Amino acid sequence: MTAGLVISDLRVTFGGRGGLLRRSEPPVAAVDGVSLRVGPRETVAVVGESGSGKTTVARSIVGLVTPEAGTITYDDTVLGPMRTRPPHVQRAIQMVFQDPRSSLNPRMTAGAILREAWHTHPAVAPKGDWKQATRELLAEVGLDPTVAGRRPSALSGGQCQRVSIARALAVRPRLLVCDEAVSALDVSVQAQILRLLVDLKSERDLAIVFISHDLGVVRQIADRIAVMRSGELVEEATAEDLFTNPRHPYTQMLLDAALDLEGVES
Ligand SMILES: Nc1ncnc2c1ncn2[C@@H]1O[C@H](COP(=O)(O)OP(=O)(O)OP(=O)(O)O)[C@@H](O)[C@H]1O
């Protein structure tokens with residue numbers, strides 16, 4: 001058995017025949033022949049400039065986008081569109097989105113958001129007191145129990161992102177797909193959420209696909225890094241190798257741009 005996530009020759013095209021764009025527009029190959037493996041307990045970052053196809057890879061993994069070609073498997077189970085996935089497979093792979101506020105239902109309290117996750121996946125709902133389980137889950141992501149009674153509008157961006165992470169953890173996932181999960185947050189809050197993800201990864205034995213345009217952020221969390229450009233994966237290496245010995249000129253360019261930015265910010 002091949003444990004974990006295996007993406008083979010993934011191709012996703014938007015537009016053209018049957019696509020979302022007008023028929024007169026040429027189809028866009030958002031992802032073009034991407035292959036990537038994410039083993040158990042591994043954090044693999046996918047980096048690249050805006051429009052390089054990172055989000056499309058993330059959405060394909062969770063079944064929100066239907067690939068034109070290629071396969072995605074998890075523990076050898078072929079992953080189709082989200083609605084066709086058996087509940088235990090849906091649970092196993094959870095996504096954390098970029099904008100924590102808009103990814104949470106504004107009408108629901110944090111407690112209700114966690115209860116909804118348990119109602120959707122009763123197999124992993126707490127056997128005992130749900131209130132106690134809610135307090136424990138909130139504590140695990142560094143939130144006070146009083147947060148259970150608050151709606152997203154009464155929480156900071158960082159607190160909302162912690163609730164999103166708690167919602168994902170509520171159903172006991174094996175793999176978290178984090179799509180620009182810290183990009184909308186202040187730098188100090190970014191660091192806290194990254195620390196939380198690193199801790200949760202080891203405590204919960206999670207694998208993480210971490211999508212980001214920010215190499216500075218990726219450096220803090222990734223074991224391996226895949227670099228995407230115009231829908232293709234141009235380089236894949238351990239984090240250490242990529243930062244010390246980038247092989248592809250595009251990777252070198254991204255590293256130079258990140259260094260320039262550090263210079264501007266310091
Ligand atoms: N639903 C869609 N319909 C049409 N084109 C799309 C759609 N989603 C993405 N695309 C196109 O696919 C390409 C890749 O987009 P994608 O969002 O995956 O890139 P990205 O690297 O995540 O960029 P960003 O960091 O800006 O989100 C882009 O050219 C984009 O315009």
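Which hand does the crossing of helix 3 and helix 5 have? Load the model and find out.

**Before you start**

This is a predicted model: local features need pLDDT of at least 70, side-chain atom pairs count only at pLDDT 80 or more, and totals for chains, interfaces and linings use all residues. Residues are numbered from 1 along each chain, as its sequence is written. Helices (H or I, at least four residues) and strands (E, at least two) are DSSP runs, numbered from the N terminus.

**Stop 1**

Two packed helices are described by the angle between their axes and the distance between the axes. Axes here are lines fitted to C-alpha atoms, for helices over the stretch in contact, and angles run from 0 to 180 degrees between N-to-C directions.

Select helix 3 (residues 110–120) and helix 5 (residues 157–170). Their axes come within 9 Å and cross at roughly 25 degrees. Helix 3 and helix 5 are therefore roughly parallel to each other. The cut-offs: under 35 degrees is roughly parallel, over 145 roughly antiparallel, 65 to 115 roughly perpendicular, and the rest oblique. The crossing of helix 3 and helix 5 is right-handed. A crossing is right-handed if the near helix is turned clockwise from the far one by less than a right angle, and left-handed if anticlockwise.

Now show the contact. From helix 3, pick A110, I113, L114, A117 and W118; from helix 5, pick V163, A166, R167 and A170. Two residues are in contact if their C-beta atoms, placed from the backbone, lie within 7 Å. By class, this contact of helix 3 with helix 5 has 8 nonpolar, no polar and 1 charged residues. Ala, Val, Leu, Ile, Met, Phe, Trp, Tyr, Cys and Pro count as nonpolar; Asp, Glu, Lys and Arg are charged; the others, Gly among them, are polar.

**Stop 2: bring in helix 4**

The axes of helix 3 and helix 4 come within 10 Å and cross at roughly 110 degrees. That makes helix 3 roughly perpendicular to helix 4. Helix 3 passes helix 4 in a right-handed crossing. Colour G111, L114, R115 and W118 in helix 3, which meet W130, T134 and L137 in helix 4. The contact of helix 3 with helix 4 divides into 4 nonpolar, 2 polar and 1 charged residues.

Next, turn to helix 4 and helix 5. The crossing of helix 4 and helix 5 is right-handed. L137, L138 and E140 of helix 4 make the contact with A166, L169 and A170 of helix 5. The residues of this contact of helix 4 with helix 5 are 5 nonpolar, no polar and 1 charged.

Which residues of helix 3 are buried? Select A110, G111, I113, L114, R115 and A117. Buried means 20 or more other C-beta atoms, placed from the backbone, within 10 Å of the residue's own; exposed means 12 or fewer, and partly exposed lies in between. What covers these buried residues of helix 3 includes helix 4 and helix 5.

**Stop 3: the ligand shell**

Centre on the ligand. Of the 15 residues around the ligand, F14, A30, S50, T55 and T56 come nearest. A residue is near if its C-beta atom, placed from the backbone, lies within 6 Å of the molecule. Strand 2 (28–38) and helix 1 (54–61) each supply at least two residues of the shell. The largest share, 3 residues, comes from helix 1. The shell divides into 5 nonpolar, 9 polar and 1 charged.

**Stop 4: two loops**

Go to A181, in the loop between strand 7 (175–179) and helix 6 (187–204). Is A181 buried or exposed? With 28 C-beta neighbours inside 10 Å, A181 counts as buried. Beyond residues up to four places away in sequence, A181 touches V96, Q98, Q161 and I193.

Jump to D76, in the loop between strand 4 (69–74) and strand 5 (77–78). D76 is exposed, with 10 other C-beta atoms within 10 Å. Leaving aside neighbours within four places in sequence, D76 is in contact with M1 and T2.

**Stop 5: two arginines**

Most residues other than glycine have a negative phi. Check R41, in the loop between strand 2 and strand 3 (43–47). R41 has a positive phi of about 60 degrees. Finish at R172, in the loop between helix 5 and strand 7. R172 has a positive phi of about 50 degrees.
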